[in-house]
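Open your viewer and get ready to select residues by number. This tour tells you what to pick next and what you will find there.

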Amino acid sequence: MNGIRLPSADGGFRLHRPSRHPLGPFTRGPARSRVLYSAAHVATAPAPEAGGPVVDWEATLAFRRRLWALGLGVAEAMDTAQRGMGLDWTAAAELIRRSAAEARTVGGRIVCGAGTDQLPAGRPHHLAAITAAYEEQLAYVESCGAGAVLMASRALAAAARSPEDYLEVYCGLLRQSTRPVVLHWLGPVFDPELKGYWGHEDLDEATDVVLKIVSECPERVDGIKISLLDAERECDIRRRLPAGVRCYTGDDHHYPQLIAGDGELASDALLGIFDPIAPIAARAAQALDLGDPDGFRALLDPTVSLARHLFAPPTRHYKTGIVLLAWLAGYQEHFTLLGGHQSARSLPHLATAYERADLLGLFPDPELAADRMRALLAAHGAGA
């Protein structure tokens with residue numbers, strides 16, 4: 001296979017020779033040692049007559065079936081699916097309904113995001129309206145037969161005047177839930193509008209607030225997803241959680257060490273990076289199930305370089321690289337994102353994402369991936 005000239009950030013080029021050793025087929029049952037969710041993206045297709053890309057339902061659901069076949073759970077309608085960046089509540093509700101139905105068909109594990117994004121953006125909202133919006137989405141998720149992830153709310157971050165406002169909203173939701181939910185602490189590195197969530201910019205004080213919410217109704221909390229990219233803080237939080245409440249790492253920089261654990265406690269996972277590295281994550285989970293933590297780290301540690309690149313600042317644009325890799329891998333026919341976010345990353349950034357994924361063997365057909373990458377480069381005037 002011919003090499004491919006990849007653009008570098010310094011304006012130069014480097015030659016990359018595509019992998020000849022992709023990962024082979026792999027299927028397994030659900031992981032036993034940890035609960036592992038992949039926050040899955042949505043596949044889109046151009047639709048100029050509709051004013052922009054639309055969800056490609058067939059490719060989107062096929063990707064989820066692939067994740068379940070690898071033994072991973074699906075975290076549906078999260079920010080990976082461009083929630084709040086092109087995927088509105090109407091489309092998210094349809095995504096939840098379809099994916100939950102597919103999960104029942106194949107026996108797959110699924111949780112779905114419940115938030116407040118049906119409220120109009122750019123205007124203030126009262127706590128009662130925010131609570132009602134949460135209640136609507138929570139009830140809908142549960143009516144579809146899925147567990148809920150209570151997503152961080154931009155509307156609540158803007159409206160809350162004290163930690164007590166968060167306690168009022170969240171504790172009320174927990175008392176209404178019909179099954180244990182996952183709380184989600186999404187830090188401002190992922191969404192700057194969530195700065196000061198839980199009523200404090202100081203993370204120590206914010207931690208105390210969210211732990212108080214958990215302690216109010218621990219039987220209604222399956223776990224809390226920590227997306228702060230702060231491994232030390234996550235370890236502190238999981239030490240302080242009530243028995244039976246899981247800590248789901250959302251740390252796409254330090255996930256191997258957090259999932260492996262410290263010999264006493266370990267994190268489960270709800271990760272966007274599991275979307276592109278699912279075949280490796282599944283193999284690593286098998287190593288853990290076989291009592292081989294060293295094998296787990298040997299498989300997962302090499303993926304961190306790709307993850308840190310995809311989630312580099314501005315971190316909220318990580319979705320662009322994830323969708324690129326899905327297209328290069330042949331899991332969808334178009335490199336498009338809702339809202340035109342395929343243009344959110346530079347060409348050198350995309351080239352490096354391709355290179356690192358290829359070196360990990362993540363493309364089932366390396367020649368197809370190389371051909372698609374060449375076509376993308378040529379379309380931007382960087383072809384050989």
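The stops below go through a helix residue, charged pairs, aromatic rings and charges over rings.

**Before you start**

This is a predicted model, where local features need pLDDT of at least 70, side-chain atom pairs count only at pLDDT 80 or more, and totals for chains, interfaces and linings use all residues. Residues are numbered from 1 along each chain as its sequence is written, and side-chain values use heavy atoms, with hydrogens and water left out.

**Stop 1: threonine 207**

Select threonine 207. It sits in helix H6, residues 203-216. Helices here are DSSP runs of H or I with at least four residues, strands are runs of E with at least two, and both are numbered from the N terminus. Is threonine 207 buried or exposed? It is buried, at a relative accessible area of 1%. Buried means under 20% relative accessible area, exposed means over 50%, and partly exposed lies in between (1.4 Å probe, protein chains only).

Now show its neighbours. Leaving out residues up to four places away in sequence, threonine 207 touches Trp185, Arg233, Asp236, Ile237 and Arg240. Contact means heavy atoms within 4.5 Å.

**Stop 2: salt bridges**

Move on to arginine 233. This residue is buried, with a relative accessible area of 15%. Its salt-bridge partner is aspartate 230, with the closest N and O atoms 3.7 Å apart. A salt bridge is a side-chain nitrogen of Lys or Arg within 4 Å of a carboxyl oxygen of Asp or Glu. Aspartate 230 is partly exposed, at 27%. By this rule, the count comes to 21 salt bridges.

Select lysine 195 and glutamate 201 next. Their side chains form a salt bridge of 3.9 Å, N to O. Both residues are exposed.

Then pick aspartate 268 and arginine 246. Their side chains meet in a salt bridge of 3.2 Å, N to O. This pair links distant parts of the chain: aspartate 268 is in strand S12 (residues 268-271) and arginine 246 in strand S11 (residues 246-249), 22 residues apart. Aspartate 268 is buried at 7%, while arginine 246 is partly exposed at 32%.

Finish this stop with a group. Asp208, Asp236, Arg239 and Arg240 are linked in a network of salt bridges.

**Stop 3: aromatic rings**

How many aromatic pairs does the structure hold? There are 15. Rings of Phe, Tyr and Trp (its six-membered ring) pair if their centres lie within 6.5 Å; planes under 30 degrees apart count as stacked, over 60 as edge-to-face and the rest as tilted.

Select tyrosine 37 and tyrosine 248. They form a tilted pair, 5.9 Å centre to centre, with 50 degrees between the planes. Tyrosine 37 is in strand S3 (residues 36-39) and tyrosine 248 in strand S11, so the pair ties together parts 211 residues apart in sequence. Tyrosine 37 is buried at 5%, and tyrosine 248 is buried at 1%.

Go to tyrosine 166 and tyrosine 197. This pair is edge-to-face, 4.9 Å centre to centre, with 70 degrees between the planes.

Now widen the selection. Ring pairs link Tyr134, Tyr166, Tyr170, Trp185, Tyr197 and Trp198 into a cluster.

**Stop 4: charges over rings**

Select arginine 5 and phenylalanine 13. Arginine 5 lies over the face of phenylalanine 13, 4.0 Å from the ring centre. The rule asks for NZ of Lys or CZ of Arg within 6 Å of the ring centre and within 35 degrees of the ring normal.

End at tryptophan 57. The charged end of arginine 98 sits over its ring, 4.4 Å from the centre.
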